Amino acid sequence: MRPGPRSLLLPTPLSLSLRALVLLCLAPRCQAVQAENVTVLEGGTAQISCRLQNYDGSIVVIQNPRRQTLFFNGTRALKDDRFQMVLFTPRLVRITLTNVSVSDEGGYFCQLYTDDTHHQVATLSVSVPPDTPTVEVRQEAVEGGEVELTCLSPRSKPPATLRWIRDRREMPGVVSQQENGKTVSVSSTIRLSVERKDNGAAVSCEASHPALGGQKRVRHYRLDVHFAPTVRIIPPPGILREGDSLSLTCSITGNPLPRDVQWTRINDTLPERAEISGPTLQVSRLSQSHNGTYLCQAQNNYGRAADHYTLLVYDPGAVIETHSAVPYAVIGGVLALLVFTIICVLIITIWCSVRQKGSYRTQEPILNWY
């Protein structure tokens, strides 16, 4: 007697697609249906394939994870234009799904209807790469304090990996994850001590993910450190004389930069011809009445600073008179020295003459004695 129908199960081959194979024997020849697992990026196009062996024209049905029939022997059964039948042959049945989302994940059934119904499942996995992360600041950074920065990747699957980088060195952060349906929100938080020199310093948050193929999504951030202002008056070069113009520029730093600059003159009012344009004070046709100490002040929410400049206007006429008096003073000095020298010579001459006369009178009695 001929043996009755038997069911044979072949070993499942190991491959990247995790293929599974079922053999259905209706006669001496066996029919087989084979399904392939698929991984696709969100928004991409997935190809779901059912491979047939020894196909004899039996009914082939493809269903979605909710067991809704998509195609019945190549004919559309569900109104969803994202699904398209692209191939139906005795060896291969293939459909495509465009604009894939995570809600499309799950097992797609390749069913072959014979005397008994058998099926294989093609598992569709959707990978969601992260967008460029964002950086959030919990509170403003103030000189001498700390700033807390949070890098956020709101949506990825599997979870993205976040790294903080400063000066090419990684800074460890506190990582947390939160599930949002089938995707995951990832955050990494760091705390930094800041000084005014850190204002404008660059830090970066990098998001890596298997779907990015070794590339990274990077968000660059520059520290915004607030600090009190500093003020310095840039003085004019040279000596200012009557008739010249004065221009003083107040160089100011600070964060935020002070908007208002105040110019005053200590114990006096500004000259009538004084003009203020932002940080610059200008006074035309200077005179000695403009002499005094000029003060520049600036402030922001974190402090106040000031610098001063003392103006001394020289009278050109007084300068010329002073220069012309110099030769007369020299001449007077020479004359005084000459008179002093003559007097000294006269005194010495008289003194020598007196000594000679005294010596002669002493010697005269001695001569008479002889």
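# Salt bridges, cores and a pocket

Modeller: In this predicted model, the side chains of Glu36 and Arg51 form a salt bridge, with N and O 2.6 Å apart.

Biologist: Where do Glu36 and Arg51 lie, and how far apart in sequence are the parts that the pair ties together?

Modeller: Glu36 is in the loop between strand 2 (30-35) and strand 3 (38-41), while Arg51 belongs to strand 4 (residues 46-53), so the bridge ties together parts that are 15 residues apart in sequence.

Biologist: Is Glu36 buried or exposed? And what about Arg51?

Modeller: Glu36 is buried, at a relative accessible area of 13%. Arg51 is partly exposed, at 27%.

Biologist: How many salt bridges does the structure hold?

Modeller: It holds 15 salt bridges. Another one joins Glu143 and Arg196, whose closest N and O atoms are 3.1 Å apart.

Biologist: Which parts does the pair of Glu143 and Arg196 tie together?

Modeller: Two loops. Glu143 sits in the loop between strand 13 (141-142) and strand 14 (146-156), and Arg196 in the loop between strand 18 (183-193) and strand 19 (202-208), so the parts tied together are 53 residues apart in sequence. Glu143 is partly exposed, with a relative accessible area of 32%. Arg196 is also partly exposed, with 31% relative accessibility.

Biologist: Which residue meets Glu206 in a salt bridge?

Modeller: Arg163 does, with an N to O distance of 2.8 Å. Arg163 is in strand 15 (residues 161-166) and Glu206 in strand 19, so this pair ties together parts that are 43 residues apart in sequence.

Biologist: What is Glu206 in contact with, leaving aside neighbours within four places in sequence?

Modeller: Glu206 is in contact with Thr161, Leu162, Arg163 and Ile165, and also with Lys216, Arg217 and Val218.

Biologist: Which residues are linked in a network of salt bridges?

Modeller: Arg138, Glu146, Glu148 and Arg191 are linked in one.

Biologist: Changing topic. What's in the chain in terms of helices and strands?

Modeller: The chain has one helix and 27 strands. It has 370 residues, of which 33% count as buried. Among contacts between residues at least 6 apart in sequence, 59% join residues at least 24 apart.

Biologist: Which residues of the largest nonpolar core touch the most other members?

Modeller: Leu70, Phe83, Ile95, Val100, Tyr108, Leu124 and Val126, out of 25 residues in that core. Elements that give two or more residues to this core include strand 5 (59-63), strand 6 (69-72), strand 9 (92-97), strand 10 (106-113) and strand 11 (117-127). Strand 4 gives the most, with four residues.

Biologist: What does Tyr108 touch, not counting residues up to four places away in sequence?

Modeller: Tyr108 touches Ile48, Gln63, Asn64, Pro65, Leu70, Phe83, Leu97, Gln120, Val121, Ala122 and Leu124. There is also a second, separate core of 19 residues, with Leu149, Met171, Val194 and Val225 among them.

Biologist: Now pockets. What volume does the second largest pocket have?

Modeller: About 210 Å³. Its lining includes Pro256, Leu257, Pro258, Arg259, Asp260 and Gln262, along with Gln297, Ala298, Gln299, Asn300, Asn301 and Arg304.

Biologist: How do the residues of that lining divide into nonpolar, polar and charged?

Modeller: Four are nonpolar, five polar and three charged. Strand 26 (residues 292-300) gives the most to the lining of the second largest pocket, with four residues.

Biologist: Last one, Ser247. Where does Ser247 lie, and what does Ser247 touch?

Modeller: Ser247 is in strand 22 (residues 246-255) and is partly exposed, with a relative accessible area of 34%. Not counting residues up to four places away in sequence, Ser247 touches Ile234, Pro236, Thr280, Leu281 and Gln282. Ser247 and Pro236 are eleven residues apart in sequence, and their C-alpha atoms are 6.6 Å apart in space.

Definitions and conventions
Residues are numbered from 1 along each chain as its sequence is written. This is a predicted model: local features need pLDDT of at least 70, side-chain atom pairs count only at pLDDT 80 or more; totals for chains, interfaces and linings use all residues. Side-chain values use heavy atoms; hydrogens and water are left out. A salt bridge is a side-chain nitrogen of Lys or Arg within 4 Å of a carboxyl oxygen of Asp or Glu. Buried means under 20% relative accessible area, exposed over 50%, partly exposed in between (1.4 Å probe, protein chains only). On a 1 Å grid over the protein atoms alone, a cavity is a set of points where a 1.4 Å probe fits but cannot get out, and a pocket is an open set with protein on both sides within 12 Å along at least five of seven lines; lining residues have an atom within 4 Å of a point. Grid points are joined across faces, edges and corners, and a volume is the space filled by probe spheres set on the points. Ala, Val, Leu, Ile, Met, Phe, Trp, Tyr, Cys and Pro count as nonpolar, Asp, Glu, Lys and Arg as charged, and the others, Gly among them, as polar. Contact means heavy atoms within 4.5 Å. A nonpolar core is a set of buried Ala, Val, Leu, Ile, Met, Phe, Trp, Tyr and Cys residues joined through side-chain atoms within 4.5 Å.
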